[in-house]
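Here is a short briefing on one protein model. Please look over the sequence and structure before reading on.

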Amino acid sequence: MPDRHVLVLAAGQGTRMKSSRPKVLHRLAGSSLVEHVLRAATPLDARSTTLVVGHQANILEHALQPSGINTLRFVRQEPQLGTAHALLQAEPFFTGVTGALVVLSGDAPLIGARTLKRLVETHEASGAAATVLTAVLDRPSGYGRILRHGGQFTRIIEESDASPEQQQVREVNSGIYAFDLAPLFATLHEVPEAGPKNERYLPTVFSLYRRKQLPVETVAAADPNEIRGINSQSELAEVSSIVRQSKNEELMATGVTLEDPATTYIDRDVDVGPDTVIHPGVMLEGRTRIGARCELHAGVRVVNSTVGADVTIRNFCVITDSHISDGAQVGPFAHLRPESSVGKRGRVGNFVELKKATLGEGAKANHLSYVGDATIGPGVNIGAGTITCNYDGAAKHHTTLEADVFIGSGTQLVAPVTVGKGAYVAAGSCITDDVP
């Protein structure tokens, strides 16, 4: 198989977003726009992945360094003088390199891995100098049109340059391409400057290829939504709705009950087991995992957490970076902060907050308590209004409640402190020393 390389255009300012954040770092279903694009390209097994950055380049490079792509590298386009100019900035990376270069747009997050694979395989099989991904749109306004003669590709014409007849063409340019590296950069140098800013535009390459009698092929996207770029906050919201609906349909097809999909927000990387019931207004974010036969009541938010099977989470709980084991019950109005864990059949009740706390099997804190920096053994009962006083003004300290401890209501546990197995602490106590 010929070598494959990926180049993502991500240098634009995104002025219509009206945001200080780089456009391609705006988030969609739990990941930034450009991360969606990079993920779609992963199955291509590219030997290198290059991002062309420009506007707020430092922020973009810092955000994507931990992306997990070992071949990821950056090249800067300063100033930004068009898409052909952007590719030319990467020319030193490809001197003496052969194979296919797949050019992607960092603001087109719906592009699918299957479509990219079909584009590249068609390009390689045809021996074309370039292959254009196209789409047929009901409303093609704003896109360059694909012009053909006798069914064969002739050129791409920008909408502003198209005649009224050409503007009726519904097949459009996606801005996603596969190029044979051999003739690419020499031709890019021939692209003339155009427009009031003297920019060089990549679609001009295809007209130059036709003059040189270099073959150009096309591949049509099966789903026109795949080519949608995001240039404004309203377009981001529209695409978010598409992704959310797709995720909800995927989960319902596997046996998950969504009582109101329109108000259910589930990120792309979330997994939910069958026979789980999700009530309106639930948000499942990041890399959350929900087991089978759970019930998540209205207003629940779960972020980067793991929930076992047969778990009930009642209304308006917030759970972040935590673990809940099989058969546990949480809420309503409970808050599990990072590094918290609830054991099997554990119970965390209304207005209880956990922080870096582990509740053992069958342990329960049912009412109005704060449990922070604590290890709670199996079978422990924590009465209403109990507080682990974990902070002395300078450092955090740990509380340990061993198995089968009973803590009466209104107790203060001044850490560091250990309450021994089976101990009974009466209501209203302030514990400053270990209890045997």
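This is a predicted model: local features need pLDDT of at least 70, side-chain atom pairs count only at pLDDT 80 or more; totals for chains, interfaces and linings use all residues.

Residues are numbered from 1 along each chain as its sequence is written, and side-chain values use heavy atoms, leaving out hydrogens and water.

**Overall form**

- The protein has seven helices and 38 strands. These are DSSP runs, numbered from the N terminus: helices are H or I with at least four residues, strands are E with at least two.
- The radius of gyration is 28 Å, whereas a compact globule of 436 residues would have a value near 22 Å. The radius is taken over C-alpha atoms, and the globule rule is 2.2 Å times the number of residues to the power 0.38.
- The C-alpha trace spans about 90 × 45 × 40 Å along its principal axes.
- Of the 436 residues, 49% count as buried. Buried means under 20% relative accessible area, exposed over 50%, and partly exposed in between (1.4 Å probe, protein chains only).
- The accessible surface comes to about 19600 Å², and carbon and sulfur atoms hold 49% of that. Areas come from the Shrake-Rupley method with a 1.4 Å probe; for residues, only the protein chains shown count as cover.
- Among contacts (heavy atoms within 4.5 Å) between residues at least 6 apart in sequence, 40% join residues at least 24 apart.

**Aromatic pairs**

- A search of the whole structure finds eight aromatic pairs. Rings of Phe, Tyr and Trp (its six-membered ring) pair if their centres lie within 6.5 Å; planes under 30 degrees apart count as stacked, over 60 as edge-to-face and the rest as tilted.
- Phe-153 and Phe-206 pair edge-to-face, at 6.2 Å centre to centre with 80° between the planes. Phe-153 is in strand 9 (residues 152–157) and Phe-206 in helix 6 (residues 204–211), 53 residues apart. Both Phe-153 and Phe-206 are buried.
- Phe-406 and Tyr-424 are stacked, at 4.8 Å centre to centre with 10° between the planes. Phe-406 lies in strand 34 and Tyr-424 in strand 37, so the pair ties together parts 18 residues apart in sequence.
- Phe-406 is partly exposed at 32% relative accessible area; Tyr-424 is exposed at 61%.
- Phe-153, Tyr-177, Phe-179 and Phe-206 form one aromatic cluster.
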